Amino acid sequence: MKVLLVGVGGVGEATAVMANTRPWLEKMVLADYRLDRAKTVQTKLGDSERFPVEQLDAGNVDHIIRTARNHQVELILNAVNVDFVPPLFEAAYQAGCTYMDMAMNGLGAKMGKDEFAAHDKWVEKGLLAIRGTGADPGMSDVFARYACDYLFDEIEEIGVRDGATLEIEGVPFASTFSISDTLEECTVPPIVYEEGKGIFSVEPFSEPELFEFPEGIGPLECVNVEHEEVVLIPRWIKTKRVTFKYALDKDFINVMQVLAMLGLNSKEPIEVKGVRVAPADVVAACLPAPAALGDRMRGKTCVGTWVKGAKDGKSRQVYLYQSTDHAFCMEKYGCQAVSWQTGVNPVIVMELLAEGKWQGRGVLACEAFDAAPYMAKMADFDLPYGILEM
Amino acid sequence: MKVLVVGAGGVGEAIARMTKPRAWVEQMVLADYNLERAKEVQAKLGDDQRFPVEFIDASKQEMVEELARKYGVNLIMNAVDPVYNEKVFDAAFNVGVNYMDMAMTLSRPHPEDPFNKSYVKLGDYQFEKSKQWEERGLLALVGLGVEPGVADVYARYAQDHLFDEIDEIGIRDGANLVIEGYEFAPNFSIWTTIEECLNPPVIWEQDKGWFTTEPFSEPEVFEFPDGIGKIEVVNVEHEEVLLIPRWVKTKRVTFKYGLGDQFIGVLKTLKMLGLDNKEPINVKGIKVAPRDVVAACLPNPAYLGDKMSGKTCAGTWVKGKKDGKEKQVYLYQVADNAECMKTWGCQAVVAQVAFSPLLAMDLVEHGQWKGVGVLGPESFDPLPFMDKMAEYGFPYGIKEM
């Protein structure tokens, strides 16, 4: 398989590192706006033939198509921030490539709407797009599908819960994930799905709940955050309610609120002393890059799907999860835990596509496919899952 | 008198508006980096001849000098962010004209012990050049707004007329201003507010000299007059602490500001994230200072007047002895936003800052204040200044405590 990886930040690097261990991967083009960054990752991989680098403007459809054609890739994996979904999605369609990403664009209930609207077009052209193939969304959606097919007769509620004990030494504030995406998801109204009501928005950071995370992480307060699963899961899985809650500590919430109050979360460029710049980009530039935090981090991160329903006439609750230890992925793969836990998942998806275990046409997401072969591969990718009866 | 005003922001506009009825100001050049802004102020004044506009980049000293020469001004009035003070100050010296500002050259925290020791202090750059100014027979009147400025005049007045002996002089600033329709909007230049609030606050004591503390330290509840009431105030770095001990005999000088929890929270967050940084950083290939971005995101305080309501109070709390008895007074000035809007078309905070440099120009022009070198407001006789405050629309108050 030949792949064009667009964006070689923390997540893109993890994807490339894992893909490097897979024999089916013929070539993965490392494309980034900053060529230096792509070269750094290339050096780490130590195989410049299999991992060529390209300078790429992910906002330029023609440039993406040209790069895809030059390298004769069959798949474009989007690992840049969500603003670039429309050009990358369009370029994949025009270049006749499979498209995959790890986050969806669009506000609230409209998340992913434009791309899903192109479903028939993609089916006609015999092409496949899989939205949201990271950890959450992605693995969390696979868990939801698995619960639906194998663990429950009937599902009442599906709640994705994401929490971590990660600590970063020596910096007063850092985001372990793209601050631009974090700002976006934490400062727009969260969404909830309910049968009959559809998708509706609620207050930011609302409905705090104490969730007990496994693997020694322990109880953490989780709050509603806007996330893709709330849109994706009800499209394929029958349930009465879907939520997404993220364990955010009070200091982090305060930072997000202050930035939103001052308008510093805005992605629209403003005029500052003669130059035009987006405040959110300035915030990102002030903070350490998530990819560079590896050496100073410690702890574990956990992503999982809490399913409530009934099996054989009895009510049942399970939490399907994946927990990654930072020290482990730093030592074995040289990647920080959050980026790594996200970046490995699209490699599993690509392997399932390469082996023909996942097949499809049109614009789909992970819960549209059989979860069993995915989960069977997780341990082999050093991404073992756990199932906890609750 | 001909004046070059560098900076036509909220304060610059208010100075110009108050100048309009004062015929002894022959010409006032309004120079700004944003020429449109200068033109907008000019249009409100309705006298293009007397108030010409010019583009200026205050970071370019030769440009300031050029404009001063072009118009043959007698005084350069600095009304931009204090980051440009050195250039504007030196430009006045080179051209050979008097200089005034409302904030002094910036401090630099001690590299090893920022929250205990002072290092480069506010105004150091300017005071080091006092001798040269004196020799050339020029006057640089520094720190003459309301705070610093009126607050310093009060300190001198207390020494000359109210006390035999002074133990402590504490500037206390508080307001009950509300800005409608904004969750967060500073009523003064956010650039300057970040600078003064996040720098280590400075305190002066007779035995210790100048030293610093942690930002927002020593909170105290102060009761402000005219219905403003009790407000928690905290230590903030401010010019009065540098100015007053040079001319007024006392044992201790502090400055405390009623910032409010929300404001302090915002400032702490900006600092933690590095968004207070005034140095340009690289953002996707563009060089920009994060602090300028914060300022650009927030509403311009010059345009908030009609959405504001309430009062702001600036004053000087003096503790000491008179006729062998303990005495405490608070000398203050309270500006009401509705009144300032009605009279000047300017919001209270900028109007209150703006009247004092104009009043000082009046005293210098008419020979009531004379001096050469780099001087603070407390080096002059406070009486003529305080006598004129009511006439300028900003009367003083004195409260025994």
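**Close-up views of a predicted model**

**View 1. Two domains of chain B.** The centres of domain 1 of chain B and domain 2 of chain B, taken over C-alpha atoms, are separated by 25 Å. This is a predicted model, in which local features need pLDDT of at least 70 and side-chain atom pairs count only at pLDDT 80 or more, while totals for chains, interfaces and linings use all residues. Residues are numbered from 1 along each chain as its sequence is written, and chains are lettered from A and ligands numbered from 1 in the order in which they are written. Domain 1 of chain B spans 2-101, and domain 2 of chain B covers 150-348 + 396-400. These bounds come from an automatic or database domain assignment.

**View 2. Where the domains of chain B touch.** Here 10 residues of domain 1 of chain B are in contact with 10 residues of domain 2 of chain B (C-beta atoms, placed from the backbone, within 7 Å). On the domain 1 side, helix α1 (residues 10-19) of chain B gives the most, with 5 residues. Helices are DSSP runs of H or I with at least four residues, strands are E runs of at least two, and both are numbered from the N terminus. By class, that side of domain 1 of chain B has 4 nonpolar, 2 polar and 4 charged residues. Ala, Val, Leu, Ile, Met, Phe, Trp, Tyr, Cys and Pro count as nonpolar, Asp, Glu, Lys and Arg as charged, and the others, Gly among them, as polar.

**View 3. An open sheet in chain A.** Its 7 strands run in the order β3-β2-β1-β4-β5-β6-β19, with parallel pairing (at least two DSSP bridges between two strands). The edge strands, β3 (53-55) and β19 (362-365) of chain A, each pair on one side only. Strand β1 (residues 2-6) of chain A joins strand β4 (residues 75-78) of chain A over 4 bridges, in the parallel sense. V3(A) stands opposite L75(A) in β4(A).

**View 4. Two helices of chain A cross.** The axes of α7 (residues 139-151) of chain A and α15 (residues 371-378) of chain A come within 9 Å and cross at roughly 120 degrees. Axes are lines fitted to C-alpha atoms, for helices over the stretch in contact, and angles run from 0 to 180 degrees between N-to-C directions. V142(A), R145(A), Y146(A) and D149(A) in α7(A) meet A371(A), Y374(A) and M375(A) in α15(A). This contact has 5 nonpolar, no polar and 2 charged residues.

How values were computed. Two residues are in contact if their C-beta atoms, placed from the backbone, lie within 7 Å.
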